[in-house]
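Biologist: Please show me the model, and let us then discuss it by question and answer.

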Amino acid sequence: MTDLVIAFTLNGRLREVRTPAHRTLLDVLRDDLGVLEVKEGCGEGVCGTCTVLLDGEPVSSCLVLAPRAAGRRITTVRGLGDGDALHPLQEAFVAHGAAQCGFCIPGMILTACAFLEEHPAPSRDEIRQAIAGNLCRCTGYTKIIDAIASVAGRKTRG
Amino acid sequence: MPAVPFEYHAPATLEEAIALLREHGDEAKPLAGGQSLVPLLTLRLARPAVLVDLNHLEELRAVRREGDALWIGALVRHRALERGEGALRACPLLQDAAALIGNVRVRALGTIGGSLAHADPAAELPAVVQALDGTVALRGPQGERHVPAGDFFVGALTTALGPAEVIVGVRLPVLGPGVGYAVEEFSRRAGDFAVVAAIAVVELRSPGEIARARVALAGVGSTPRRLPGVEAALAGQRPDAETLRRAAGGAAGEVDPDGDAHASASYRRHLARVLTARALERAAAMAGRRKTA
């Protein structure tokens with residue numbers, strides 16, 4: 001199998017990788033580019049820990065074959081902030097103590113971020129539904145929802 | 001686990017895609033959104049030698065109104081159906097059904113053509129196309145053919161797609177004034193496939209008379225099932241709660257589901273009746289409201 005050369009924008013920077021087509025975007029990000037904030041959980045698109053934004057929309061990077069990332073804009077949780085300044089959602093997660101083990105948090109924040117772009121002033125129930133595809137095994141979700149609700153209605157970047 | 005390595009092609013035209021599928025026969029798989037196929041690859045339940053990526057075929061992305069029908073290209077994503085923008089507004093049942101599919105990430109990439117081709121017996125969109133008597137358009141080496149939903153779904157994960165044929169789109173009727181619709185679904189957890197889902201479409205002749213009712217169920221057999229007995233019991237009847245519930249009572253007797261790890265056969269029959277009743281009641285109420293719309 002010949003390798004493909006795939007170029008995409010990762011957090012605003014153009015990256016190029018050489019990979020066979022059967023690997024996933026998750027494999028490429030973690031194993032080739034050392035992007036370790038993208039976590040591997042179930043590997044079946046169910047748990048949400050490997051969430052990245054693909055042209056602004058949350059996707060499971062474990063279910064995106066590497067060639068499908070060509071020419072796209074990929075955002076990880078590191079791409080949300082602005083240099084040293086955290087994104088307001090990241091600040092809110094810190095302020096509310098919304099992380100315990102933290103494994104689900106990058107995906108959770110990216111999902112919440114895309115959701116708030118589309119629904120700037122959601123109800124608590126809408127927030128619960130929005131993160132239904134991101135599983136957290138520690139927190140019971142209350143503080144995560146508190147954190148997202150605290151940002152809802154405020155202007156967000158990213 | 002990584003997928004078994006395969007040869008990857010990203011054809012720029014449909015003709016090229018069909019030629020590749022024809023050349024490689026059973027060794028080849030077409031790729032659309034990948035939300036069912038990629039897990040099958042990484043679990044190594046599917047080991048195609050060749051993958052034909054359809055995502056560059058712009059012609060499969062079209063959505064357009066064609067008189068009383070709505071054409072939806074095979075590559076239209078679930079999120080687009082869920083948002084229901086533009087011409088998709090003509091068939092708003094799609095919006096409610098698509099919102100129940102998987103999670104938001106599945107919906108961002110998954111496509112209507114992929115869902116129909118995969119033909120999971122519990123999936124929402126096959127049941128929608130079945131409920132609306134939609135037509136699936138297929139293109140292959142022999143040209144294009146249009147298959148009614150009732151003939152398209154052959155068995156669990158099995159369709160009328162022939163060798164080297166791909167779905168190019170689906171044609172659904174526009175839901176005009178006087179037509180109400182509803183999706184009712186029961187699943188164990190948010191994002192799971194439905195144990196049973198019911199889709200009802202009720203068309204009123206007048207505020208006091210049902211012209212036609214259509215019901216399709218997912219999760220009660222190897223393919224999405226219509227309920228001809230329930231439908232016949234409602235034609236020409238009053239759309240009141242009592243009539244709808246009585247007709248829905250026939251749903252359990254019209255299906256013959258298997259039990260599995262998710263639900264027993266008798267529980268699925270129970271759900272068939274309860275969800276049919278709920279869907280019919282909501283659809284009839286909406287049909288009344290949409291009369292003057």
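**Annotation, interface and helix packing**

Modeller: UniProt, in an unreviewed entry, lists residues 1-177 of chain B as "domain: FAD-binding PCMH-type"; such positions follow the numbering used here, feature names are shortened, and annotations may be inferred rather than shown by experiment. This is a predicted model, in which local features need pLDDT of at least 70, side-chain atom pairs count only at pLDDT 80 or more, and totals for chains, interfaces and linings use all residues. Residues are numbered from 1 along each chain as its sequence is written, with chains lettered from A and ligands numbered from 1 in the order in which they are written.

Biologist: Which element gives the most to the side of chain B that touches chain A?

Modeller: In this interface, 24 residues of chain B are in contact with 22 residues of chain A (C-beta atoms, placed from the backbone, within 7 Å). Elements giving two or more residues to that side of chain B are β1 (7-9), α2 (37-42), β3 (50-53) and α5 (104-109); helices (H or I, at least four residues) and strands (E, at least two) are DSSP runs, numbered from the N terminus. With 5 residues, the one that gives the most is α5(B).

Biologist: How is α2(A) oriented to α3(A)?

Modeller: Helix α2 (residues 88-95) and helix α3 (residues 105-118) of chain A pack at about 130°, their axes 10 Å apart. Axes are lines fitted to C-alpha atoms, for helices over the stretch in contact, and angles run from 0 to 180 degrees between N-to-C directions. Angles under 35 degrees count as roughly parallel, over 145 as roughly antiparallel, 65 to 115 as roughly perpendicular and the rest as oblique. Therefore α2(A) lies relative to α3(A) in an orientation that is oblique.

Technical notes:
Contact = placed C-beta atoms within 7 Å.
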